[in-house]
Amino acid sequence: MKRSMCGGFLLATLAGIVACSGDPTGDLVGAGLTIQANPSSLFMAQDETKPVDISVVDKQGNEADITGFQVVPGSGVTAVEDTAFLPTNAGVHLNTSKRINITGTAPGATAVTINANGTTYNIPVKVTPTSTTITLSNPAPAANEPLTITLPSGYKFGAGAGASVGGAPGLVQSVAADSSSIVVLLPPGGTGAVTVDSVQVDFAPGVLFSLPTPDSVTVGPVTPQTGTNSAASAPLLTLPPADDGPLVFFDAGTYDFAGANGPARLYKFVVADSTDLTVTLDWPSLEDLGVYFYASDASTDAGNFADAGGAGAHPESSTSTFAPGTYYMGVTNFSATTPPYYGITITTATPVAE
């Protein structure tokens, strides 16, 4: 009579299961400790303070008591443990989490190093500037005198570069090829610290800042151009070559040319080749100004006027295509008062063939 072996096999299998019935992940508890930071990186302004919470976890995500805790700040930041931060559970203080307060003291890209439980973690920190220093070619320029403003190393002007004094923007004449400086006309009569606009720093590309500076200027008063009351004596504007830098200037005075669209100050310009002309007019007060273009008779409208808004609406801007010929531009004032000055920016471009 043969005996069945099934029972023997079943007992052996059950014995194997019992032998392996412990926690299969038990050897991971407390193993592979790593530091975790929340947040894991910081982007902050100079003199700003932000907290970062630190914990140490094993491969299973279990928090471990923190030992050998050390904080090493990089250059341009301070990092101090917040000893008042005491995480609790059921009324018992835990040593599984710590908080550090990081303060940016100087612009730059750096890191704060955390040492704990025999391991290391770096928290990347970028500290953005809240001001900067500049170099001025002349701290006391006359009105309409080009002023070169140079940024310090590591700073560059981005799109929309500019400068202002007392909140009044200047007119940018050109930007250096390496974007380290601009040539600008600052507003007449402006005095005080200069603010530079659309500035970027090397360690934060694509982020633009408006930065006050401790550097001050005093700009002279504007001298009104003469002859603006007549087509025969209108000042001649020399247009820049197509697709080159703009023509910029400030002017002021009386509006005593009897223009077809209202009292104006009249300027003459000559177009040698078909040109797209974009004109922008801005002023610092609440008057209602506009720009109108006239043919060589100084009375027939010859372009798209820049007068889309009413009183106080500015800047005004328009683009017109001019065939070769002689034209006039009238800055027209529809108000009973006159602004202390106005600024004109004229850019040229080659018309796009249709």
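Which side chain meets that of arginine 99 in a salt bridge, and what is the N to O distance between them?

Modeller: The partner of arginine 99 is aspartate 53, and their side chains meet in a salt bridge with an N to O distance of 2.6 Å. Please note that this is a predicted model, in which local features need pLDDT of at least 70 and side-chain atom pairs count only at pLDDT 80 or more, while totals for chains, interfaces and linings use all residues. Residues are numbered from 1 along each chain as its sequence is written, and side-chain values use heavy atoms, with hydrogens and water left out.

A salt bridge here is a side-chain nitrogen of Lys or Arg within 4 Å of a carboxyl oxygen of Asp or Glu. The pair joins distant parts of the chain, 46 residues apart: arginine 99 belongs to strand β8 (residues 97-104), and aspartate 53 to strand β3 (residues 49-57). Strands are DSSP runs of E with at least two residues, numbered from the N terminus. Arginine 99 is partly exposed at a relative accessible area of 25%, and aspartate 53 is also partly exposed, at 23%. In these terms, buried means under 20% relative accessible area, exposed over 50%, and partly exposed in between (1.4 Å probe, protein chains only).

Strand β8 also carries lysine 98, which forms a salt bridge with glutamate 81. Their closest N and O atoms are 3.4 Å apart. Because glutamate 81 lies in strand β5 (residues 77-81), this pair ties together parts that are 17 residues apart in sequence. Lysine 98 counts as buried at 16% relative accessibility, whereas glutamate 81 counts as partly exposed at 32%.

A search of the whole structure finds 3 salt bridges. One of them joins aspartate 251 and arginine 265, whose closest N and O atoms are 3.1 Å apart. Aspartate 251 is buried at 0% relative accessibility, and arginine 265 is buried at 2%.

Strand β3 pairs with β1 in the antiparallel sense over 5 bridges; two strands pair if DSSP finds at least two bridges between them. Within this pairing, alanine 37 stands opposite isoleucine 54 in β3. Alanine 37 belongs, with Ile35, to the covered face of strand β1 (residues 34-38). The uncovered face of β1 consists of Thr34, Gln36 and Asn38.

On either side of β3 there is a loop with an aspartate to consider. Aspartate 47 lies in the loop between β2 and β3 and is exposed, with a relative accessible area of 59%. Its C-alpha atom is separated by 8.6 Å from that of threonine 130, although the two residues are 83 residues apart along the chain. Aspartate 58 lies in the loop between β3 and β4. Unlike the aspartates discussed in the pairs above, aspartate 58 has no salt bridge, yet it is buried. The nearest side chain of opposite charge, that of lysine 59, is 9.8 Å away. The side chain of aspartate 58 does, however, reach the backbone nitrogen of glutamine 60 at 2.9 Å.

Aromatic rings pair if their centres lie within 6.5 Å, and planes under 30 degrees apart count as stacked, over 60 as edge-to-face and the rest as tilted. Phenylalanine 269 is buried at 1% relative accessibility, and tyrosine 327 is buried at 11%. Together with Phe293 and Phe322, Phe269 and Tyr327 form one aromatic cluster.

Note on methods: Helices (H or I, at least four residues) and strands (E, at least two) are DSSP runs, numbered from the N terminus. Lys and Arg count as positive and Asp and Glu as negative; His and the chain ends are not counted. A polar contact is a pair of N or O atoms within 3.5 Å; within protein, one must be able to donate a hydrogen and the other to accept it, and residues adjacent in sequence count only if both atoms are side-chain atoms. Rings of Phe, Tyr and Trp (its six-membered ring) pair if their centres lie within 6.5 Å; planes under 30 degrees apart count as stacked, over 60 as edge-to-face and the rest as tilted.
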